[in-house]
Amino acid sequence: MLSAPRYVPLASYAEYPPAEMERRAAGFRAEVTRRRTVREYSDRPVPRRVIEECLAAAGTAPSGANHQPWHFVVVSDPEVKARIRAAAEDEERAFYNGGAPQEWLDALAALGTDEHKPFLETAPYLIAIFAERYMFGADGGRVKNYYVQESVGIATGILITALHHAGLATLTHTPSPMNFLNEILGRPPNERPFLLLVTGYPAEHARVPAITKKPLNEIATFR
Ligand code: IYR
């Protein structure tokens, strides 16, 4: 059954005078420029309400046909975190010891990553992000999703930014393959693990790689 479009007024839009727009844009840039991917975490607890707010923010992302093809599993149970760490380290051991082509390992050299992932147990929360390749309709039949990678990528970007804005550190972790997440977290086969987002307070003396971002003139062209 096709549903006819129904419209409501755009009530939530806010326009700012150009000078204020510029100030807001610069302020936001300064805020996100402080974000760093962190691999050393404190085990200090984080209020669950903060995670809930950030997930709800992620859920506002645009998506193909507004199907919202994502599911977030928030893991804080130490036993489940330990199982995820063990499975991820199995995959990473294979990756770093012959699985990955040398070119890939060379590209990662500046990050100093290896197969040891203690943060998967130390950090208070692991958020496993799943992409729904298809959904089930009211009659139980399969409903196709559109632009799934794009949609879940955008939602993940908002989630990372929301967590950063709230005062938490994050790590986008991508053990490959990560099908073990379906099994450990009991997710159905229509959901594909997209990535594992680690979040919490950084460890007290956390260090990050001395890497930089490309300047604007390298990442954008105006014509
Ligand atoms: N998944 C591995 C390897 C890795 C891959 C990329 I691309 C990175 O930017 C960082 C790490 C790991 O987590 O160590």
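Me: Which residue's side chain does the side chain of asparagine 66 join in a polar contact?
Reply: In this predicted model, asparagine 66 sits in the loop between α2 (48–58) and β1 (70–75). Its side chain takes part in a polar contact of 3.1 Å. The partner in that contact is glutamine 68.

Me: How far apart in space are asparagine 66 and glycine 98, C-alpha to C-alpha?
Reply: Along the sequence, 32 residues separate asparagine 66 from glycine 98. In space, their C-alpha atoms are separated by 41 Å.

Me: What pattern does the protein follow, read along the sequence?
Reply: The protein has eight helices and six strands. Its C-alpha atoms fill a box of roughly 55 × 50 × 40 Å along the principal axes. Read along the sequence, the pattern is α-α-β-α-α-α-β-β-β-α-β-α-β-α.

Me: Is α1 roughly parallel or roughly perpendicular to α6?
Reply: Helix α1 (residues 18–33) packs with helix α6 (residues 148–166) at an angle of about 90 degrees, and their axes are 10 Å apart. Angles of 65 to 115 degrees count as roughly perpendicular. Therefore α1 is, relative to α6, roughly perpendicular.

Me: How many residues of the contact of α1 with α6 are charged?
Reply: On the α1 side the residues are Phe28, Glu31 and Val32, and they meet Thr161, His164 and His165 in α6. Two residues of this contact are nonpolar and three are polar. The number of charged residues is one.

Me: Which helix gives the most residues to the shell around the ligand?
Reply: The residues around the ligand include Glu92, Phe95, Tyr96, Trp104 and Leu108. Both α3 (78–99) and α4 (102–108) supply at least two residues of this shell. With three residues, the helix that gives the most is α3.

Me: How many residues of the shell around the ligand are nonpolar?
Reply: Among the residues around the ligand are Leu111, Thr113, Asp114 and Lys117. The shell has three polar and three charged residues. Its nonpolar residues number five.

Me: What share of the area that the ligand exposes when taken alone does the protein bury?
Reply: The side chain of lysine 117 has an N or O atom 2.5 Å from an oxygen atom of the ligand, and for the side chain of histidine 173 the corresponding distance to a ligand oxygen atom is 3.2 Å. A nitrogen atom of the ligand lies 3.1 Å from a backbone N or O atom of threonine 174. Taken alone, the ligand exposes 370 Å². Of that area, the protein buries 73%.

Definitions and conventions
Residues numbered from 1 in each chain as written. Predicted model: local features only at pLDDT ≥ 70, side-chain atom pairs only at ≥ 80, totals over all residues. Heavy atoms only, no water. Axes fitted to C-alpha atoms, helices over the stretch in contact; angles between N-to-C directions. Helix = DSSP H or I, 4+ residues; strand = E, 2+ residues; numbered from the N terminus. Parallel < 35°, antiparallel > 145°, perpendicular 65-115°, else oblique. Contact = heavy atoms within 4.5 Å. Nonpolar A, V, L, I, M, F, W, Y, C, P; charged D, E, K, R; others polar. Near = heavy atom within 4 Å. Polar contact = N/O pair within 3.5 Å; in protein donor to acceptor, adjacent residues only side chain to side chain. Areas by Shrake-Rupley, 256 points an atom, 1.4 Å probe, with all protein chains shown as cover.
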